[in-house]
Each structure stands twice: as C-alpha cells, then as structure tokens.
Amino acid sequence: MNPLWSQIARELSPYVPGEQPRIANLVKLNTNESPFGPSPRALEAMRCAAADTLRLYPDPEATELREALADHHGVKREQVFVGNGSDEVLAHAFVALLKQPKPLLFPDVTYSFFPVWGNCSAWPARPCRWTAGCASGSKIIGARQGRS
C-alpha cells in the first residue's frame, strides 16, 4: 500500500458490488437501470445543450440549476444545495451536520455507504436493527440522545 495514504484510507474496505448477471433484457434496479431508456425530450434537451460551451468549466455554484430548483419548489436559491451525485451531497451533509460526540446511528436496512462516510469522517457510525416498532425512527433518535 502507498505510504502516502492516510490511516483512514488504509483501513477502508473496497466496495463489493452485488451480483451483476448478464441476461438479455434484464433490468437491474440496484444499479438504477430503467427499462424505458431516456425520454425523447431529455435526449433532445441534451442535443440542444451540447454546444461549444461544453468546453468551458461549469459554474461551480450551479446558479441556473439552483434558481430553477428554487423556483420549482418555492424556496430561495440559497436554500438549494446541489452536488456531483448523491454520494457527494451525503459527504457534505455528514461533515456539516452529523459530526457529533455521540455515534451516528442509522437503520441497518438503509444505504450501505452510510458507514463508509462515517469512517471516512473519523467518527463512529453504527447500524441499529430496524423493526416495526421503529417505524417513526423515534427509538433511533432517542438512542442518539442517550434515551431508550
């Protein structure tokens, strides 16, 4: 292993994808595939947007996108956060909101990358067994606050 890598990087376990069968006409929902393909309207919008400006670095604040999303949802542009995919958004949310002295608790039937972000951010993250009695999440919230 490269001696320049951090201790956190050295302790990471590589992602192991689930089974990826190669069967004709199989749609794998676990990889966000769709049986429908892209919308013709989306393809046309991409063709129209594929102009000479694609050679330029994009707006780092995604101003137009944030304005459109804000208008659509009736909020201010400053209330809209965008990122390069859900993993980046989650990483920023974890660092900004969840770095606390107590462990991060999350349901065991959730996104498998939650413990990775916890470990990368150097604070404990542990799954909690999700049961019908936890439907509101109140037990997990209570456990985080030191209550049962």
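In these legends a residue is buried when its relative accessible area is under 20%, exposed when over 50%, and partly exposed in between (1.4 Å probe, protein chains only). The model is predicted: local features require pLDDT of at least 70, side-chain atom pairs count only at pLDDT 80 or more, and totals for chains, interfaces and linings use all residues. Residues are numbered from 1 along each chain as its sequence is written, and side-chain values use heavy atoms, with hydrogens and water left out.

**Figure 1. Overview of the secondary structure and surface of the predicted protein.** Six helices and two strands make up the assigned elements, where helices (H or I, at least four residues) and strands (E, at least two) are DSSP runs numbered from the N terminus. Their order along the sequence is α-α-α-α-β-α-β-α. Of the 148 residues, 16% count as buried. The protein exposes about 12100 Å², of which carbon and sulfur atoms supply 59%; accessible areas come from the Shrake-Rupley method with a 1.4 Å probe, and for residues only the protein chains shown count as cover. With a contact taken as heavy atoms within 4.5 Å, 30% of the contacts between residues at least 6 apart in sequence join residues at least 24 apart.

Figure 2. Asn25 counts as exposed because its relative accessibility is 82%. Pro35 belongs to the loop between helix 1 and helix 2 and is exposed, with a relative accessible area of 54%. Pro35 and Asn25 are separated by 10 residues in sequence and by 8.2 Å in space, C-alpha to C-alpha.

**Figure 3. Helix 2 and its N-terminal cap.** Ser39 caps the N-terminal end of helix 2, with a side-chain oxygen 3.0 Å from the backbone nitrogen of Arg41. Helix 2 spans residues 40-49, and the number buried among its 10 residues is zero, so the helix lies largely in the open.

Figure 4. Ala62 is found in the loop between helix 2 and helix 3. Although Ala62 is not a glycine, its phi is positive, at about 45°. Ala62 counts as buried because its relative accessibility is 19%. Thr63 lies in helix 3 and is partly exposed, with a relative accessible area of 22%. The side chain of Thr63 makes a polar contact with the side chain of Asp59 at 2.6 Å. A polar contact is a pair of N or O atoms within 3.5 Å; within protein, one atom must be able to donate a hydrogen and the other to accept it, and residues adjacent in sequence count only if both atoms are side-chain atoms. Thr63 and Val80 are 17 residues apart in sequence, with a C-alpha to C-alpha distance of 9.8 Å.

**Figure 5. The largest pocket and its lining.** About 600 Å³ of space lies in this pocket. Of its 19 lining residues, the closest to the centre are Pro58, Asp59, Pro60, Glu61 and Ala62. Helix 3 (63-73) and helix 4 (86-97) are the elements that give two or more residues to the lining, and helix 3 gives the most, with four residues. The lining divides into nine nonpolar, five polar and five charged residues. Here Ala, Val, Leu, Ile, Met, Phe, Trp, Tyr, Cys and Pro count as nonpolar, Asp, Glu, Lys and Arg as charged, and the others, Gly among them, as polar. A pocket is an open set of points on a 1 Å grid over the protein atoms alone, where a 1.4 Å probe fits, with protein on both sides within 12 Å along at least five of seven lines; lining residues have an atom within 4 Å of a point. Grid points are joined across faces, edges and corners, and a volume is the space filled by probe spheres set on the points.

**Figure 6. The second largest pocket.** This pocket has a volume of about 170 Å³. Among the residues that line it are Tyr15, Asn30, Asp87 and Phe113. By class, its lining has three nonpolar, five polar and one charged residues.
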